[in-house]
Amino acid sequence: MKSVAFCCISTGVFRFPNDRAAGIAVDTVRQFLKKDTPVKKVIFNVFKDSDKEIYERLLGK
């Protein structure tokens, strides 16, 4: 596996806070990519513009 995609898990009907979910996802992926792994590309799949803005801010885009 060279790439993986994540969606905003539990931020819809389960109402987990979007900012917190994105922060956990980005931090976890950054830590994972520091390890020796064949994964070279991670996609954060979002459904709302507000989620896109959160991820762009966290990723420095």
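This is a predicted model: local features need pLDDT of at least 70, side-chain atom pairs count only at pLDDT 80 or more; totals for chains, interfaces and linings use all residues.
Mentor: Residues are numbered from 1 along each chain as its sequence is written, and side-chain values use heavy atoms, with hydrogens and water left out.

Trainee: Which pattern does the chain follow, read along the sequence?

Mentor: Start by taking helices (H or I, at least four residues) and strands (E, at least two) as DSSP runs, numbered from the N terminus. On that basis the chain has two helices and two strands. Read along the sequence, they give the pattern β-α-β-α.

Trainee: In which sense do E1 and E2 pair?

Mentor: Two strands pair if DSSP finds at least two bridges between them. In E2, Asn45 is the bridge partner of Cys7. Over five bridges, E1 and strand E2 (residues 41-45) pair in a sense that is parallel.

Trainee: What is the hand of the β-α-β crossover, right or left?

Mentor: Strands E1 and E2 pair over five bridges, and the chain crosses from E1 through H1 to E2. Point the strands away from you: a crossover is right-handed if the path from the first strand over the helix to the second runs clockwise. Here the β-α-β crossover is right-handed.

Trainee: How are H1 and H2 placed to each other, and which word describes their angle?

Mentor: Two packed helices are described by the angle between their axes and the distance between the axes. The axes are lines fitted to C-alpha atoms, for helices over the stretch in contact, and angles run from 0 to 180 degrees between N-to-C directions. H1 and helix H2 (residues 49-59) pack at about 40°, with their axes 10 Å apart. Angles under 35 degrees count as roughly parallel, over 145 as roughly antiparallel, 65 to 115 as roughly perpendicular and the rest as oblique, so H1 and H2 are oblique.

Trainee: How many disulfides does the count come to?

Mentor: A disulfide is a pair of cysteine sulfur atoms within 2.5 Å. The sulfur of Cys7 has its closest cysteine sulfur in Cys8, 6.9 Å away, which is too far for a bond. The count therefore comes to zero, given that the sulfur of Cys8 is likewise 6.9 Å from its closest cysteine sulfur, in Cys7.

Trainee: Is Cys8 buried or exposed?

Mentor: Buried means under 20% relative accessible area, exposed over 50%, and partly exposed in between (1.4 Å probe, protein chains only). Cys7 is partly exposed at 37%. With a relative accessible area of 13%, Cys8 is buried.

Trainee: What is the phi of Arg15 near?

Mentor: Arg15 is found in the loop between E1 and H1, and at 72% relative accessibility it counts as exposed. Ser10 is in the loop between strand E1 (3-7) and helix H1 (18-33), is partly exposed at 32% and has a positive phi near 70°. Arg15 is a residue other than glycine, and its phi is also positive, near 60°.

Trainee: How far apart in space are Ile9 and Ala22, C-alpha to C-alpha?

Mentor: Ile9 has its place in the loop between E1 and H1 and counts as exposed at 56% relative accessibility. In sequence, Ile9 and Ala22 are 13 residues apart. In space, C-alpha to C-alpha, the distance between Ile9 and Ala22 is 9.2 Å.
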